[in-house]
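Open the model in your viewer and keep the selection panel at hand. The tour begins at a pocket and then steps back to the whole chain.

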Amino acid sequence: ALTNVLKHAQAQAVWVNCRAGPDGQAIVLEVADDGVGLPPQPQEPRGQGVASMQARASSIGAALLLGPRDGGGTLVRLLWPA
C-alpha cells in the first residue's frame with residue numbers, strides 16, 4: 001500500500017495505523033493518504049499491486065478493503081482475525 005502511495009497517489013501525507021479491532025478479535029491495519037484517490041471507474045490493469053495485496057491478504061485469512069478516504073485520497077484497510 002505504501003508503494004502504491006509513492007508511485008500513484010501524488011500525496012502530501014500518508015498515515016499508517018495498526019490497532020485492535022473493536023471487538024478485540026481482529027487486527028486492523030490502515031494506510032491512508034491525501035492524494036488523488038482512486039479512479040472513478042476501474043482502469044485497464046497496468047500492474048499487479050492491488051491484486052497482489054488482495055491475494056496476500058486472502059492467504060492469511062484477512063480481508064482487504066480499498067476506497068476513498070474522508071477528506072480526499074485513498075484508504076486501504078486490512079482486517080485480520082486474531
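Start with the second largest pocket: select Ala1, Met53, Arg56, Leu64 and Val76, which lie nearest its centre among 14 lining residues. A pocket here is an open set of points on a 1 Å grid over the protein atoms alone, where a 1.4 Å probe fits, with protein on both sides within 12 Å along at least five of seven lines; lining residues have an atom within 4 Å of a point. This is a predicted model: local features need pLDDT of at least 70, side-chain atom pairs count only at pLDDT 80 or more, and totals for chains, interfaces and linings use all residues. Residues are numbered from 1 along each chain as its sequence is written, and side-chain values use heavy atoms, without hydrogens and water.

Next, colour the lining by type. Nine residues are nonpolar, three polar and two charged. Ala, Val, Leu, Ile, Met, Phe, Trp, Tyr, Cys and Pro count as nonpolar, Asp, Glu, Lys and Arg as charged, and the others, Gly among them, as polar.

Now select H1 (2–9), S2 (26–33), H2 (49–59) and S4 (74–81). Each supplies at least two lining residues. H2 gives the most, with four. Helices (H or I, at least four residues) and strands (E, at least two) are DSSP runs, numbered from the N terminus.

Zoom out to the whole protein. The C-alpha trace spans about 35 × 25 × 20 Å along its principal axes.
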